[in-house]
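Subject: Structure for you to look at

Hello,

Here is the structure for you to look through. My notes on what was found follow below it.

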Amino acid sequence: MGREGEVVATLLPQFQRLHPDIEVRVQQLPWSAAHQKLLTAFAGEATPDLCQLGNSWIPEFAALEALEPLEAAVAGSRVVASADYFPGIWQTNVVAGRLYGVPWYVDTRLLFYRRDLLAQAGFASPPRTWSEWRQMLAAIKARVGPERYSVLLPLNEFEPLLVLALQQPDHLLRDDGRFGNFESPGFHRALEFYREAFSNGWAPPVENTQIPNAWEELGRGYYSFYISGPWSIGEFKRRLPPEEQGSWMTAPMPGPEGPGASLAGGSSLVMFRRSRHKAEAWLLLEFLSSPAIQRRFYDVTGDLPPRRSTWEAPELADDPYTRAFREQLERVKPAPRVPQLERIVTEMRLMAARVVHGDLSVEQGTLELDRTVDAVLAKRRWMLARGAGR
Amino acid sequence: MRAGLAGWAFAAPALIIIGVFFFAPVLGAFAVSLTDFDLYALADLRNLRFVGLDNYLELLESRDFWRALGNTCYFVAAGVPLSIGASLAAALLVNSRLTRLPAFFRTVFFAPVVATLVAVALVWRYLLHTRYGLINWGLGGLGLSPIDWLGNPHWAMPAIILFAVWKNFGYNMIIFVAALQSIPGDLYEAAHLDGANGWQEFSRVTLPLLRPTTMLVGVLTVAGYFQLFAEPYVMTEGGPLQSTMSVLYLMYEQGFKWWNLGSASAIAFLLFLIVLAVTALELRLSRRREAA
């Protein structure tokens, strides 16, 4: 999919030298159409053998019974060693106790910040806890005045709030994903912190469509913190002028009490159940999962590898910008693994925007969100009850 | 009898095509709207449940549906008169004997209709930008404070209306131009001889003779504007705070984002009934006015 699809095509000749008897045909899909295309392919019984799948889609395709479970293949593999993978990322592929994918590359979100602006406000290092972060946000806002802000939290992105919520001990759903758990004290804390960031003027109440270029705006100092993923490293290097290059840095997410968790995102490689070439597909999956190939893949795409051994490569281990990601990846958590995840986080985002605009209080918002999510999960409850009855 | 048969035989190809490509899908969609067809049903049809009118009842109780319907009605109520007004004004300008280069202006006014929506939406997003946009720069020149067009829930819909009117008025303008050209010149001459001024000519000659055209344009525009989708899809994604979420956008989300095809089909049928009712009302009103 997207850029990864192009790069895979360049890695394939090496695979074909190893396995001249296997013919591989690569089909590239744009990300924006991939989800729908794959569902259509499933309905039309034309699914591929091996496929890249965003790891948040895995529960959905597992519910369709479209994916091949991989525990046995992994247990017998000398290449795919589950202990070498970051545990949070590995977990995104496990649905109801079964393994449906092998992580291919990882995405997680952390802080991009302006070192110079933080230093001017009197802070030598980035925040490790929410209380340190609060102090910095307030101090920066006091310095920059009403026209500028401390942090960008786009109201049409669910990820920042989801990260804050994942840092809490309470799960977002309860009873094995049967009901929402947004009235928990943990989610309250996360939403309260989020609301506070806007009501104190630390974050501008905008959507990312109103920030045409989030990287240049950080360079201009419109805000000093930006929660984003690994792709932003390349964007900052490319878009900021040379004299501003020394001013930005990455840092792991601060947490409520100490270093915090973040979201385990990224893509996995999955095999479809209807495939008639499973043995061959597994060989290709192993090839793409080997540390040497993953390293080449990183060099070309900048997509971060999911295996600790790949991270020993000097271009990853010695890069000051990826170091924070290395640390963060040990502390990533999967989002709730239910097929309705995307709907749930969208409802969460809409509710949070109403809280930020003052239409709802935190209490009203969480209450209403639980009610909405419970309705969204009604069919899942019915399915689970029926599965237990059979 | 045989003539009747022959008639049916001649009509059969068209009837079959209409049946297969129109009535069958509509009936199928109606059947789907009575079920809870979703992702689980896609996996295994045994997970499909017949729910009767529950989808409809749920929609009628849901905040999102009324919100979307309210937004759509706002768009229609404000957008249609503005759009038709702009079309008529442009048609009068283009048709006026005083206008130079009428063909040039016809092309310019028609250009937005044929321009790709996504491309012009991108340009409009820049025009409407809070800090760098040309429109706020103009407002600033008039001494007004900048408006957060696409970020403020109160201004997002006006911005969408403005964009939609600009995008669409050229189409109706062409219809009005054709109608204006079919008004005989001697009527204006007669009015002129009777001492009518420009406004009287317009209100007593032009408008009455344009009435059938206005009616047609009105019905088409209302039906089209109720199906608001592409503008919010590319400009605001239904936001901020769902202030630009239209009924069709809600249907798209339910159907193609969340795969609740049962609920999405129910939305489609409700919208169909609403448009049907409004169009019937329009036709009745215009007929009564003609009778009067």
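**Helix α13 of chain A**

In helix α13 of chain A, residues 291-301, the buried residues are Q294(A), F297(A) and Y298(A). These three cover an arc of only 100° around the axis, so they lie on the same side of α13(A). A292(A) and D299(A), on the other side of α13(A), are exposed. The cover over the buried residues of α13(A) includes α1 (2-18), α12 (278-289) and α14 (314-317) of chain A. After α13(A) comes G302(A), which has a positive phi, near 80°.

Please keep in mind that this is a predicted model.

**Helix α11 of chain A**

Which residues of helix α11 of chain A are buried? In this helix, residues 231-239, they are S232(A), I233(A) and F236(A). Their arc around the axis is only 110°, which puts them on the same side of α11(A). Among the elements that cover the buried residues of α11(A) are the helices α10 (214-220) and α15 (320-329) of chain A. The strands β5 (110-114), β9 (225-228) and β10 (248-251) of chain A also belong to that cover.

**The sheet in chain A**

The strands β5, β9 and β10 of chain A are also part of an open sheet of 4 strands, in the order β6-β9-β5-β10, with mixed pairing. At the edges are β6 (151-152) and β10 of chain A, each of which pairs on one side only. Strands of a sheet pair through backbone hydrogen bonds, either parallel or antiparallel. In which sense do β5(A) and β10(A) pair, parallel or antiparallel? The pairing of β5(A) with β10(A) is antiparallel and runs over 4 bridges. L111(A) has A251(A), in β10(A), as its bridge partner.

**Domains of chain A**

Chain A is assigned two stretches for each of its domains: domain 1 is 2-108 + 264-318, and domain 2 is 113-262 + 337-384. Taken over C-alpha atoms, the centres of domain 1 and domain 2 of chain A are separated by 29 Å. Their contact involves 9 residues from domain 1 of chain A and 11 residues from domain 2 of chain A. On the side of domain 1 of chain A that touches domain 2 of chain A, helix α3 (residues 58-63) of chain A gives the largest share, 3 residues. By class, that side of domain 1 of chain A has 4 nonpolar, 3 polar and 2 charged residues.

**The largest nonpolar core**

In soluble globular proteins, nonpolar side chains tend to be buried together. Here the largest nonpolar core has 162 residues. Those with the most contacts inside this core are V151(A), L161(A), L162(A), A352(A), I160(B) and I267(B). Helix α8 (residues 153-181) of chain B gives the core its largest share, 13 residues. At least three residues of the core come from each of domain 1 and domain 2 of chain A. Leaving aside neighbours within four places in sequence, L161(A) is in contact with A190(A), Y194(A), M348(A), R349(A) and A352(A).

**Chain B**

The secondary structure of chain B consists of 13 helices and 0 strands. Chain B has 292 residues, of which 32% count as buried. Its C-alpha atoms fill a box of roughly 75 × 70 × 35 Å along the principal axes. Of the contacts in chain B with a separation of 6 or more, 65% are between residues 24 or more positions apart.

One residue to look up in chain B is N172(B), in helix α8 of chain B. Why does N172(B) count as buried? N172(B) counts as buried because it has 25 C-beta neighbours inside 10 Å, and the cut-off is 20 or more. Not counting residues up to four places away in sequence, N172(B) touches S83(B), I84(B), S87(B), V217(B) and T221(B). The C-alpha atoms of N172(B) and V108(B) are separated by 14 Å, and these residues are 64 residues apart along the chain.

Regards

Note on methods
Residues numbered from 1 in each chain as written. Chains lettered and ligands numbered in written order. Core = buried A, V, L, I, M, F, W, Y, C linked by C-beta atoms within 7 Å. Buried ≥ 20, exposed ≤ 12 C-beta atoms within 10 Å, placed from the backbone. Helix = DSSP H or I, 4+ residues; strand = E, 2+ residues; numbered from the N terminus. Domains from an automatic or database assignment. Contact = placed C-beta atoms within 7 Å. Nonpolar A, V, L, I, M, F, W, Y, C, P; charged D, E, K, R; others polar. Arc of directions from axis to C-beta. Pairing = 2+ DSSP bridges.
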